[in-house]
Amino acid sequence: MAAMPNQHEFPEVSTVWLRAFLEVARHGSFTVAARTLGWTQSAVSRQISSLEGALGGAPLFDRLPRGVRLTEAGRILVPYAEAVAESLYGAVRELVALREVADGRLRFGAFATADAALVPLALGAFRARHPGVLVSREEGFTPGLLDRLGAGHLDLAVVSTTGRAPLETFELHHLLDECVYVAVPAAHPLAGSGPVRLGQLADADWISGSSRPEGTLLDAALRQGFRPRVAHVVGEWTAKQGYVAAGLGVALVPALAAASVRPDVALLPVLDEGAPARAVYAATARGRALTPAATAFVGALREAAAKIPRTMA
């Protein structure tokens, strides 16, 4: 009985031999395989003989009057040869894609609070892997970013469901669902009391990025049956904190911005059964092929989203 080969000993098999073997197996003919490969028939025969010798000498084909037929040994070899070929093709595809990313560019936009945690994590990982990519970034509100994306000025945009933007016309890659907090002064009676319903703050002055709640985070107040009184219109989250800390009102805060809260401001989780979270997506133009760099960045965003603490998303 022939000795079994040691599992750490690999036969020296050329991929050229495997290519010739698969073509002959596919066509059942040395002649047709040679024509397909652009070789001579004798060259194909030599490759098959070399492969048979490397694998112990058992014939892989029965030579028939017209063509050839796989032997039992040949039938066993086919799926392994196909797996090797597919692995090599896959490696080539990934290497080509890597080369295309390295020589490419990435144009993306993001809403402001995504820039607080999610985007920096993703961009840091992306730049470490693809330092040669030319990156340009824009910051804006979701509707404006989608306009830029639709016009072809961006490859992708990090957007949220706030703002009633027409997300359904874009390809959406879900990243996370973000909870919402209400910011109150640290000395506020509700500070430290745990989750609250917005109705408990119906009589409060509110600080918001818009004088109207529609299309903003304050839509949640409308769902709970009251129209918030916006006392101060303030766009930047850092400025909103200052107004809250000074006792000038309260404000809703998306969780991605919560990590940068001031010590004189308390954050209370909001109970809102109607819409307890807002979704965050990487949006791309529907029907437009993603560039290799954009594809890689979507992957980096998903990895970053998975690292966001549960208290933030």
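Ser160 stands opposite Val280 in strand S13, where strands are DSSP runs of E with at least two residues, helices are runs of H or I with at least four, and both are numbered from the N terminus. Before I continue, the model is predicted: local features need pLDDT of at least 70, side-chain atom pairs count only at pLDDT 80 or more, and totals for chains, interfaces and linings use all residues. Residues are numbered from 1 along each chain as its sequence is written, and side-chain values use heavy atoms, with hydrogens and water left out.

The pair I opened with belongs to strand S5 (residues 156-160), which runs antiparallel to S13 over four bridges; two strands pair if DSSP finds at least two bridges between them. Strand S6 (residues 170-178) also pairs with S13 in the antiparallel sense, over eight bridges. There, Glu178 has Arg278 as its bridge partner.

How many residues of S13 are buried? Eight of the eight, across residues 278-285, so the strand is largely enclosed by the rest of the structure. Buried here means under 20% relative accessible area, against over 50% for exposed and partly exposed in between, with a 1.4 Å probe and protein chains only. Arg278, Val280, Ala282 and Thr284 point one way from S13, while Ala279, Tyr281, Ala283 and Ala285 point the other way, and all are buried.

I turn now to the open sheet. Its four strands follow the order S8-S12-S7-S11, with mixed pairing. At the edges, pairing on one side only, are S8 (196-197) and S11 (251-254). Strands S7 (residues 180-185) and S12 (residues 265-271) run antiparallel and are joined by five bridges, with Val182 opposite Leu268 in S12. Helix H8 (residues 237-245) packs on this sheet and touches S7, S11 and S12, contact meaning heavy atoms within 4.5 Å. The direction of H8 makes about 45° with that of S7; axes are lines fitted to C-alpha atoms, for helices over the stretch in contact, and angles run from 0 to 180 degrees between N-to-C directions.

Finally, the helix pair. The axes of H5 (residues 118-129) and H9 (residues 292-307) come within 8 Å and cross at roughly 130°. That makes H5 oblique to H9, since angles under 35 degrees count as roughly parallel, over 145 as roughly antiparallel, 65 to 115 as roughly perpendicular and the rest as oblique. Residues in the contact include Leu121 and Phe126 of H5, and Phe297 and Leu301 of H9.
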